[in-house]
Amino acid sequence: MPRRRELLRRLSDAGITPRCLLRLDAELQDHYVDLEREALAAEKSVAEASEEAWLRLGDDDAIAAEFLTHTELKLWIYRWPIALYCLGLIVWLLLILLSPLQGLLRNRAAVARYSLALCSSVALLCALLLSMQFIVTIGPPATNTAAYSVERHEVVIADPSSSLIARERSGAVKDVVVIESTDSLFEHAAIEAAYKFKYRPRVIRGESIEVPGVRNKITFDIAV
Amino acid sequence: MAQTNPPFMSGVPELLILRLLIRQQMYGYELVRAIRSSTGDAIGLREGVVYPALYAMEARGTLKARRKSVNGRNRVYYAVTAKGKRRLTSLTEEWQRVTGGVRTALEEPGRA
């Protein structure tokens, strides 16, 4: 089974713990092997068994969506981002107040007063900046903001022999392959989508016939 | 009146997993097969999604995982904890209350 590097990367970016990711990787591989063996035992070809195992296991989107509903699987820093900001603020304040404290200990009253006033101003400014950053970070999701760009990926899919998708008599699609794509990441999803297409069967002399020769371009527009 | 749990459907996989694992410990693939056969294939799911549910239940302390080597393959077996047994009892009661209510509503004459 090709390892689900993209899924693992997405989950890692979302803050899922490394322990979970390692286990998921191993267990998905194991599960895939079991599914493949089950399909082979049902006398399917290796290619069919592999395809069936992949489909039954589910695509990256389904697994990632399920993961993201469980916040308890995320690192604490992703679960309580406010804690990180509070911790940072405390460290800042400690560092800034260290200088006037040193002055006070040496009994240099004037220097201490001046430093305290200066450092308090800096501390307030930092607190303000950190609060602003926090508001921006946990504000509305990026997709809701006015400014975002769209990244476009295209996958052309077709039947291997005719360079076109073959249509079965029922109107279902078979033997889909990718002819060209701008990014291999989207090929699997494009193939899955193509198998869901349903065409009106071509009818000649009252009989529906198979139509080799349908090419389709699937476009993915992703907000980035 | 007992409080209704709005996303009660979200508790169904948890209920099924706990119900099946209380009988015997299982690994992921085995568990999915058990879900299919015990529900008469009524619940179809992408099999990979069972793992996040299992990890979350383990994080909440209702399941525990243990690695076991079987026929040369290293598998992770899941079993129900004492907390999981209490959770199963509560989920079962909640589910029976909800399904009982729905059944009563469906059987009520003149409301079809």
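I started at N71(B), which counts as exposed because it has 5 C-beta neighbours inside 10 Å. My cut-offs: 20 or more other C-beta atoms within 10 Å of a residue's own make it buried, 12 or fewer exposed, and anything in between partly exposed, with C-beta atoms placed from the backbone. N71(B) sits in the loop between β1 and β2 of chain B. Its phi is near 50 degrees, a positive value in a residue other than glycine.

A note on the source: this is a predicted model, where local features need pLDDT of at least 70 and side-chain atom pairs count only at pLDDT 80 or more, while totals for chains, interfaces and linings use all residues. Residues are numbered from 1 along each chain as its sequence is written, and chains are lettered from A and ligands numbered from 1 in the order in which they are written.

I then looked for a residue of this kind in chain A and noted E43(A), with phi near 65 degrees, positive although the residue is not glycine. E43(A) lies in the loop between α2 (18-41) and α3 (46-57) of chain A. With 8 C-beta neighbours inside 10 Å, E43(A) counts as exposed.

Next, the layout of chain B. I found four helices and two strands, in the order α-α-α-β-β-α from the N terminus. Helices (H or I, at least four residues) and strands (E, at least two) are DSSP runs, numbered from the N terminus. Of the 112 residues in chain B, 27% are buried.

I looked down helix α1 of chain B, residues 12-21, where E14(B), I17(B), L18(B), L20(B) and L21(B) are buried. These buried residues fall within an arc of 165 degrees seen down the axis of α1(B), so they line one face of the helix; the arc is that of the directions from the helix axis to the C-beta atoms. They pack against α2, α3, β1 (63-70), β2 and α4 (82-107) of chain B.

Which residues do the two chains bring to their contact? I noted 16 from chain B and 18 from chain A, with a contact meaning C-beta atoms, placed from the backbone, within 7 Å. On the chain B side, α2 (28-38), α3 (50-59) and β2 (73-80) each supply at least two residues. The most come from α3(B), with six residues. By class, that side has nine nonpolar (Ala, Val, Leu, Ile, Met, Phe, Trp, Tyr, Cys, Pro), five charged (Asp, Glu, Lys, Arg) and two polar residues (the others, Gly among them).

Last, chain A: I recorded eight helices and eight strands, and 15% of its 224 residues are buried.

Technical notes:
Contact = placed C-beta atoms within 7 Å.
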